[in-house]
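Have a look at the sequence and the 3D structure below. Then we can walk through the fold together, one part at a time.

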Amino acid sequence: MNLHNVEFIKSAAAAGGLLHDTVPQIVFSGKSNVGKSSVINKLLNRKSAARVSSRPGKTVHINYFLIDKKAYFVDLPGYGYARVAKTEQARWSGLMEIYFSSADHIALGIMIVDSRHPPTKDDLTMGAWFKATGCPMVVVANKVDKLKNSEKDKNLEVIRRDLDLREDIPVIPFSAEKGTNKELLLDAVFKAVEDWNNV
Ligand code: GTP
Ligand code: MG
């Protein structure tokens with residue numbers, strides 16, 4: 001994978017639209033506004049790949065991007081947006097349940113949280129979903145450029161503690177703005193795809 005070829009495949013709003021082919025999926029998840037699109041764009045070195053047909057906080061869509069014909073980057077709909085109607089929240093939960101119930105195509109779960117704050121209740125729910133799949137997982141603590149150096153270690157520790165992460169699950173301090181630890185996250189992505197192909 002060299003990330004040269006990025007193809008928007010589809011936007012799925014219901015169970016029938018989910019992809020179940022043999023291409024491994026790298027899943028990006030996080031609350032609204034945490035920087036999911038920014039993280040994906042940073043990894044892909046593109047300004048706006050991940051904004052395709054997304055209406056933040058309003059529409060519950062799963063966006064699929066095919067990378068070098070080798071893996072999908074899956075942009076899950078953001079959660080925790082206060083002004084979303086109850087019916088949309090229910091639709092989000094329903095879609096997530098279906099997505100995670102057939103998780104055998106997930107090569108890596110990337111859970112993005114805000115490095116400035118402890119995980120939210122919704123983050124904990126998402127964390128539990130990821131763990132239940134048994135798939136490899138990393139936590140990205142985004143917006144670390146907004147943290148003082150003295151706050152960094154403490155905040156990362158709180159994130160690890162609250163999400164109750166196993167030792168082997170890394171928490172990567174990240175900045176989609178500055179590109180901090182971009183290579184580290186890319187390495188995790190490449191390794192996950194390689195491992196997937198070697199099983
Ligand atoms: P939704 O699609 O609405 O769920 O949002 P999202 O999670 O995709 O977040 P998005 O990438 O749109 O970023 C939200 C805001 O945070 C934007 O104004 C970004 O510029 C900003 N942002 C994202 N990542 C970073 C970061 O690492 N540092 C800073 N300072 N700002 C960031
Ligand atoms: Mg987005």
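What follows is a short tour of the sheet, its helices and some side-chain partners.

## How to read the model

This is a predicted model, in which local features need pLDDT of at least 70 and side-chain atom pairs count only at pLDDT 80 or more, while totals for chains, interfaces and linings use all residues. Residues are numbered from 1 along each chain as its sequence is written, chains are lettered from A and ligands numbered from 1 in the order in which they are written, and side-chain values use heavy atoms, with hydrogens and water left out.

## The sheet

Let's start with the strands. Helices (H or I, at least four residues) and strands (E, at least two) are DSSP runs, numbered from the N terminus. Two strands pair if DSSP finds at least two bridges between them. Here, 7 strands make an open sheet with mixed pairing, in the order β1-β3-β4-β2-β5-β6-β7. At the edges are β1 (6-12) and β7 (171-173), each of which pairs on one side only. From one strand to the next, the twist averages 25°.

Now zoom in on one pairing. Strands β1 and β3 (residues 62-67) run antiparallel and are joined by 6 bridges. Ser-11, for instance, has Asn-63 in β3 as its bridge partner.

## Helices on the sheet

Contact means heavy atoms within 4.5 Å. Angles run from 0 to 180 degrees between N-to-C directions, with axes fitted as lines to C-alpha atoms, for helices over the stretch in contact. Helix α2 (residues 86-101) lies across β1, β2 (25-30), β3, β4 (71-75) and β5 (106-114), and runs at about 40° to β3. Helix α4 (residues 149-162) also packs on the sheet, where it touches β5, β6 (137-142) and β7; its direction makes about 155° with that of β7.

Asn-155 belongs to helix α4. It counts as buried because its relative accessible area is 11% (buried means under 20%, exposed over 50%, partly exposed in between, with a 1.4 Å probe and protein chains only). A polar atom of the Asn-155 side chain lies 2.9 Å from the backbone oxygen of Ser-115.

## Aromatic rings

Rings of Phe, Tyr and Trp (its six-membered ring) pair if their centres lie within 6.5 Å; planes under 30 degrees apart count as stacked, over 60 as edge-to-face and the rest as tilted. How many aromatic pairs does the structure hold? There are 8 aromatic pairs. One of them is tilted: Phe-28 and Phe-73, 5.0 Å centre to centre with 55° between the planes. Phe-28 is in strand β2 and Phe-73 in strand β4, 45 residues apart. Phe-28 is buried at 0% relative accessible area, and Phe-73 is buried at 0% too.

Tyr-79, Trp-92, Tyr-99, Phe-100, Trp-129 and Phe-130 together make one aromatic cluster.

## Salt bridges

Side chains of opposite charge can pair when their charged atoms come close. A salt bridge is a side-chain nitrogen of Lys or Arg within 4 Å of a carboxyl oxygen of Asp or Glu, and the whole structure has 6 salt bridges. One of them joins Glu-7 and Lys-69 (3.1 Å, N to O). Glu-7 is in strand β1 and Lys-69 in the loop between β3 and β4, so this pair ties together parts 62 residues apart in sequence. Glu-7 is partly exposed at 31%, whereas Lys-69 is exposed at 57%.

Arg-116 and Asp-114 also meet in a salt bridge (2.8 Å, N to O). Here Arg-116 is partly exposed at 29% and Asp-114 is buried at 7%.

Methods:
Polar contact = N/O pair within 3.5 Å; in protein donor to acceptor, adjacent residues only side chain to side chain.
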